[in-house]
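Here is a short briefing to read with the model open beside you. Take the topics one at a time and find each spot in the viewer as you go.

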Amino acid sequence: MFASICRRLGTALLMLLLAVSAASAIDNAITFTGEVTYRERIALPPNAELRVTLMSLAEARPKEVVGASAVIPAIGQVPLQFTLNVRSDAIRGSQYGLKAEILSGGAVVFRNPVPVPVDPAAPLSARIIVNLVPPSISNEPELIVPAELEVTTDLFDTIWQVQSIAGKSVLGATKVSLSIAPDRRAGGNGGCNNYFTEAMFDGPMLSFGPIAGTRMACGGPVMAQEATFFAALQATTGYELADATLHLLDADGKRLVRLSRGQ
């Protein structure tokens, strides 16, 4: 019986020590708060998440502080509020900044290119403005595609310059582009606005998901051309690739858009 009492006392003491340790860790945590927003007038991507990371600015290249990052569900629309608790013993010095990223499906859609400086000794509410991240065309892991899909990897890692839309040459003062990353993120510039979407392959077929983009206003002809281009992307069901020329095709095999491989 005595041994049983000792075991119970030992268990209770261990639980008390763990509780004290946890409370001490909370008491010693440095809390960073603020909001994340962007200037583009577009809705957040589906299943968006916000990731906020404390960066050390002591060296020429910012470095992530180990264990000083938090992923928060992006509920609603911007601005997104955040709270980041960092153990005080993880901080050395005073040169720190915050990096924010908005992710969709694990891919970064928005981020701030330069960390926003913060003072761990007296952290104030930070306002972080993130920028739209275009699909990457380099340093991406190679996509392993089953052979039966017959996806031509020459479509990836290239900025395709649009030459004509619905049989009409693009306006001389505009540059319309499309790029498809190995993770199937797609996007570019519609002539006025940046846009992003998802490329979907089904055997030799190619289609694009819903298009999201910025909402800048340009001249009437430019906006009309952009609307025609976006409509063509939505109508695309296949493609032809010959040397440096890519054609997007509709369900009847009609050529909707002609593109050339960028330099």
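Let's begin at a cysteine: Cys-192 is buried, with a relative accessible area of 7%. Here buried means under 20% relative accessible area, exposed means over 50%, and partly exposed lies in between (1.4 Å probe, protein chains only). This is a predicted model, in which local features need pLDDT of at least 70, side-chain atom pairs count only at pLDDT 80 or more, and totals for chains, interfaces and linings use all residues. Residues are numbered from 1 along each chain as its sequence is written, and side-chain values use heavy atoms, with hydrogens and water left out.

**The disulfide**

- Cys-192 is joined to Cys-218 by a disulfide, with 1.9 Å from S to S; the term stands for a pair of cysteine sulfur atoms within 2.5 Å.
- By this rule the count comes to one disulfide.
- The link of Cys-192 and Cys-218 is right-handed, with 85 degrees about the S-S bond.
- Cys-192 sits in the loop between strand 13 (185–189) and strand 14, and Cys-218 in the loop between strand 16 (212–213) and helix 2, so the pair ties together parts that are 26 residues apart in sequence.
- Helices (H or I, at least four residues) and strands (E, at least two) are DSSP runs, numbered from the N terminus.
- Is Cys-218 buried or partly exposed? Cys-218 is partly exposed, at a relative accessible area of 32%.

**Strand 14 and its partners**

- Strand 13 and strand 14 form a hairpin with four residues between them, and Gly-191 in the turn has a positive phi of about 110 degrees.
- Strand 14 and strand 16 are antiparallel, paired over two bridges.
- Strand 15 (residues 205–208) pairs with strand 14 as well, over four bridges in the antiparallel sense.
- In strand 15, Met-205 is the residue opposite Asp-202.
- One thing to keep in mind when you look along any of these: in a regular strand the side chains alternate between the two faces of the sheet.

**The aromatic pairs**

- How many aromatic pairs does the structure hold? It holds five.
- Rings of Phe, Tyr and Trp (its six-membered ring) pair if their centres lie within 6.5 Å; planes under 30 degrees apart count as stacked, over 60 as edge-to-face and the rest as tilted.
- One of the pairs is Tyr-38 with Phe-110: the ring centres are 4.1 Å apart and the planes lie at 5 degrees, so this pair is stacked.
- Tyr-38 lies in the loop between strand 1 (29–37) and strand 2 (48–56), and Phe-110 in strand 6 (residues 107–111), so the pair ties together parts that are 72 residues apart in sequence.
- Tyr-38 is buried at a relative accessible area of 6%, and Phe-110 counts as buried at 0%.
- Another pair, Tyr-195 with Phe-229, is edge-to-face, with 5.9 Å centre to centre and 75 degrees between the planes.
- Tyr-195 belongs to strand 14 (residues 194–202) and Phe-229 to helix 2 (residues 220–235), so this pair ties together parts that are 34 residues apart in sequence.
- Tyr-195 counts as buried at 2% relative accessibility, and Phe-229 is buried at 0%.
- Together with Phe-230, Tyr-195 and Phe-229 form one aromatic cluster.

- An open sheet of three strands runs in the order 4-1-8, with mixed pairing.
- Strand 4 (80–87) and strand 8 (126–129) stand at the edges with a single partner strand each, so one side of each is left without a neighbour in the sheet.
- From one strand to the next, the twist averages 35 degrees; axes are lines fitted to C-alpha atoms, for helices over the stretch in contact, and angles run from 0 to 180 degrees between N-to-C directions.
- Strand 1 and strand 8 run parallel and are joined by four bridges.
- Val-36 has Ile-128 of strand 8 as its bridge partner.

**The whole chain**

- The chain's secondary structure comes to two helices and 19 strands.
- Of its 263 residues, 40% count as buried.

Notes: Two strands pair if DSSP finds at least two bridges between them.
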